[in-house]
Amino acid sequence: MIALITGASSGIGRDMAHVLSEQYGCDLILVARRMDRLQELKKELPTRVQAVACDLSREENCRKLYDRLRKKQIDILVNNAGFGLFGAFDEADLEREMQMIDTNIRAVHILTKLFLRDFLKRNKGYILNVASSAAFVPGPLLSSYYASKAYVLRLSEAIQEELRRRGSRVTLTVLCPGPVNTEFNQVAKVKFAVPGLSSRKVAQYGVQAMFRRRRVAVPGMMMKVVHIGRRFLPERFNVWACYYMQKRKQNR
C-alpha cells in the first residue's frame, strides 16, 4: 500500500510515518514545508519514501500536489498538517489566522475531495483526518483553532454517512486527540495545562482506528471521559471550563 501523509516532518505525522512503514509495510509519500526534516525521516524508514516539500496553506499547492500524485494509486490519505494560534480573537494576527485556516481547513477539504473521488472510482481506500478534542467545544483564547478543528470533524462525519449510505468500501476516520507532546505548544506559544500523550501512542491509535474503520477516534482514557461527560453539561459551562483551561496555559 502507498500512504500519503501531510504534516509529516514532526509530531503525529512523523510518528504515523514510522507506524505505517515499520508495522504495516506501507510505502510513503511524505509532505511538509521542511525538506531537510523529511530527508532525515526518510533515512529512518525501511520502506520506499518520496519526500515532497509543499506549503499547503496555498490552494494552488494543494491542487499541484494532487496533480503530481494522482497516478500513484495512493491507498491511504492522512490529512495531518495544521497548527494553532493562542490569544484573544481581537488580538490575534489576521494574516497568521488566515494561514492557519487555509492549512487546517482548506487543505484538508481540497485533498479529501480530490483523493476521495479517486478512491470511490476504485471502491477502496482509507482517509484519516486529524482533528482534535478541540473540535467538540468552543475554545476561547484559541477560538480560530478550535473552530477549524470543528470543521474537520463535522465535514468528516458528514462524508462518513454519505459513504455508508452508498455502501462504499472507502472509509474515513477522524482522529480527535487531546493534548499531545509535539511542537504545537511552541507554535501556538502555550503550555498544556494537563499532561499530554506521546505522539507515537496517538499515531499508533489513529492508524489502528483507521484500519478498523472506526468513525471517530479519541485516544486516551481521560479524553474519553471528558468527551462523554461534556454532553451532560450546559454549553455555557463547557465554554467557561475551556476558557479556564486555556488561561492556565498562558500562565504556566
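**Group meeting: a walk through the helices**

At 44% relative accessibility, Gln73 counts as partly exposed. I'm starting with that residue, everyone, for a reason I'll come to in a moment. Please keep in mind throughout that what we have here is a predicted model.

So, Gln73. You'll find it in the loop between α3 and β4, the strand at 76-79. As a reminder, most residues other than glycine have a negative phi.

Arg213 also deserves a look. Its phi is near 60 degrees, again a positive value in a residue other than glycine. Arg213 sits in the loop between α7 and β9, with β9 covering 216-217. Is it buried or exposed, or something in between? With a relative accessibility of 42%, Arg213 counts as partly exposed.

Let me step back to the whole chain for a moment. The secondary structure comes to 9 helices and 9 strands. There are 252 residues in the protein chain, and 53% of them count as buried. If you take the contacts with a separation of 6 or more, residues 24 or more positions apart account for 67% of them.

Now for helix packing, and thanks for bearing with me. Two packed helices are described by the angle between their axes and the distance between the axes. Please find α4, residues 94-122, on your screens.

On one hand we have α4 with α3, which is residues 59-69. Their axes come within 9 Å and cross at roughly 25 degrees. Angles under 35 degrees count as roughly parallel, and α3 and α4 are therefore roughly parallel to each other. The crossing of this pair is right-handed. Which residues of α3 meet α4? They are Glu59, Cys62, Leu65, Tyr66 and Leu69, and on the α4 side they meet Arg106, Ala107, Ile110, Leu111, Leu114, Phe115 and Asp118.

The crossing of α4 and α5 is right-handed. From α4, the contact uses Glu97, Met100, Asn104, Ile105, Val108, His109, Thr112, Leu116 and Leu120, while α5 brings Ser144, Tyr145, Ser148, Lys149, Tyr151, Val152, Leu155, Ile159 and Leu163. The residues of the contact of α4 with α5 split into 11 nonpolar, 5 polar and 2 charged.

Let's turn to α1, residues 11-22. How far does this helix of 12 residues reach from its first C-alpha to its last? The answer is 17 Å, close to the 16 Å expected at 1.5 Å a residue. α1 is mostly covered, with 11 of its 12 residues buried. Among those buried residues are Gly11, Arg14, Asp15, His18 and Val19.

Leaving aside neighbours within four places in sequence, what is Gln204 in contact with? The partners are Val19, Gln23 and Tyr24.

That's my tour, and I'm happy to go back to any of these spots.

Terms used. Residues are numbered from 1 along each chain as its sequence is written. This is a predicted model: local features need pLDDT of at least 70, side-chain atom pairs count only at pLDDT 80 or more; totals for chains, interfaces and linings use all residues. Side-chain values use heavy atoms; hydrogens and water are left out. Helices (H or I, at least four residues) and strands (E, at least two) are DSSP runs, numbered from the N terminus. The expected span of a helix is 1.5 Å times one less than its number of residues. Buried means under 20% relative accessible area, exposed over 50%, partly exposed in between (1.4 Å probe, protein chains only). Axes are lines fitted to C-alpha atoms, for helices over the stretch in contact, and angles run from 0 to 180 degrees between N-to-C directions. Angles under 35 degrees count as roughly parallel, over 145 as roughly antiparallel, 65 to 115 as roughly perpendicular and the rest as oblique. A crossing is left-handed if the near helix is turned anticlockwise from the far one by less than a right angle, and right-handed if clockwise. Contact means heavy atoms within 4.5 Å. Ala, Val, Leu, Ile, Met, Phe, Trp, Tyr, Cys and Pro count as nonpolar, Asp, Glu, Lys and Arg as charged, and the others, Gly among them, as polar.
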